[in-house]
Amino acid sequence: MIRYNWPWRSKWQSLKLAMVLVCCALVVGCANHPFERHQPQPLPELTAQQLVDSWWLVTGHRYLCRHSGLLEVFMRKVALEGVVKVDTTQQTARLVAMDTMGVKLFDLLVTKQGHQLNYLLPLLEEHPQLPKMVAKSLRAIFLQPNPSVQQRLIRRERRSVLVADSGDSFEFIGMPVRLNRKVVSSEQHSWNVEYNQYLDQNGLWAPTGIVLTDDSGFRLTLWIQEIREL
Amino acid sequence: MVALKWCLTLLLWLSITLPAMGWTTEVALSAEVTQRLAVAAQQVETLHSDFVQEKYLSIFEEKLISTGQFYYQKPDQLRWELLEPVGSGFVITGDSGQRWHERIDGSESFKLDQDPAMALIAEQLFAWAKADLAWIKQNYTISVVSEQPIQLKLVPLEAAAQFLSHLMITFNDSDRYVVAVEIHESDGDSTRINFNNSVVNSEINDAIFSDRCLK
């Protein structure tokens, strides 16, 4: 695991830490986007059902996904390698995260409501927030919330958006049609997930670059190396 | 007499088939094997190898393959670098080093005495590169699985025993360097690192041990 440590270790640590906390959202928000983005092609008039059907995490499937990840928390960066098994029927995601030497860091089972920590490397016991943050991010990326045909459909020239009563929105672009962005916003807490660089992965049309940005000050980027259906 | 012949035949058959089935006999580390490794290690000034790392995750029954390269120069310089699927690595000279990752710009300095995780990794790699049996004996119970080539089984003595079952270390025919390391964890996961294209005592440019950029 690569950890870029806090550079603030002096007696002014508290003051500087406060300054960092104020600036962190800006830093994460302004960080370079790691994936190329292109102007999407015009999207034909698709129904909500057609949009929902294009989502690769539709229920009834199990996937195994190998990825590398970068967790950015305030000014700190943590690089991880991982394998996640997503069960869209059970709505669970099981992750084993490792460092680049193959040392297992933690093993998590994430459900719709919570998570269970099956293993944590003893050296990481002083950082219990790390698996919690990753669990929350995995739920947002792979499990909850999901686009649904019951949601309100808004059509634009190059995008269609499904909007839930809660305000959660799911933006689709084309062609081929794909979920581009998931946004959850409330007065207390907002986050969004971008799904980039869709590729055919063993017959599955799935994103290979995923970015979760959380306004509480962290960002998780996943580079998907392989996805296959189990 | 017939019974005796039958017993001898059975013993002979077992002695041939059990090793082939993975049932091996382990013996305590002898003075002779210790001496062979110590003498061979003294002849190694530099070492360079490519490696293939296979991580087996028992819960997914999945094997993850990574490749990289390794450099060592006596007494205390090391470079460990993964090239595929994601580039990352570190260099160490003495008690300090630099580490990097493809997903993060630049590199980060570290001191071994302030970074327990890196110190643990460095300690292991130097011990194997130097065949430092004195250090290894302080941390593991060593038994010999094979003498030609030398293959050692190491069972951790203390804290590591919580998550580490044992290690298997295989040396090359000349005893001078390690060709394979197997790390067996208590939960059924394992990592096998096969070293290949090893070159002993070639000249290694100092830049190899200074930072991430090689080419």
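**Notebook: a buried glutamate, salt bridges and a helix**

I began with A:Glu194, which counts as buried at 11% relative accessibility. A reminder to myself: this is a predicted model.

**Entry: the partner of A:Glu194**

Which side chain does A:Glu194 meet in a salt bridge? I found A:Arg181, with 3.3 Å from N to O. I then looked up where the two sit: A:Arg181 is in strand 10 (residues 178–185) of chain A and A:Glu194 is in strand 11 (residues 190–201) of chain A, so the pair ties together parts 13 residues apart in sequence. Next I checked how open A:Arg181 is. Its relative accessible area is 29%, so I noted A:Arg181 as partly exposed, while A:Glu194 goes down as buried.

**Entry: a pair within chain B**

I moved on to B:Lys55 and found a salt bridge to B:Glu185, with the closest N and O atoms 2.7 Å apart. B:Lys55 belongs to strand 2 (residues 46–57) of chain B and B:Glu185 to strand 11 of chain B, so this pair ties together parts that are 130 residues apart in sequence. Are these two buried or exposed? B:Lys55 has 2% relative accessibility and counts as buried. B:Glu185 comes out at 14%, and that counts as buried too.

**Entry: across the chains**

Then I looked up A:Lys104. Its salt bridge with B:Asp189 has its closest N and O atoms 2.9 Å apart. B:Asp189 lies in the loop between strand 11 (178–185) and strand 12 (190–200) of chain B, and A:Lys104 lies in strand 5 (residues 104–110) of chain A, so the pair joins two chains. I checked burial here as well: both A:Lys104 and B:Asp189 are buried.

**Entry: helix 3 of chain A**

Last, I turned to helix 3 of chain A, residues 129–143. I got 20 Å from the first C-alpha to the last over its 15 residues, close to the 21 Å expected at 1.5 Å a residue. Why do I call this helix largely enclosed by the rest of the structure? Because 12 of its 15 residues are buried. Among them I listed A:Leu130, A:Pro131, A:Met133, A:Val134, A:Leu138, A:Ile141 and A:Phe142. A:Ser137 and A:Arg139 are on the buried list as well.

Note on methods:
Residues numbered from 1 in each chain as written. Chains lettered and ligands numbered in written order. Predicted model: local features only at pLDDT ≥ 70, side-chain atom pairs only at ≥ 80, totals over all residues. Heavy atoms only, no water. Helix = DSSP H or I, 4+ residues; strand = E, 2+ residues; numbered from the N terminus. Expected span 1.5 Å × (residues − 1). Buried < 20%, exposed > 50% of the residue type's maximum accessible area, 1.4 Å probe, protein only. Salt bridge = Lys/Arg side-chain N within 4 Å of Asp/Glu carboxyl O.
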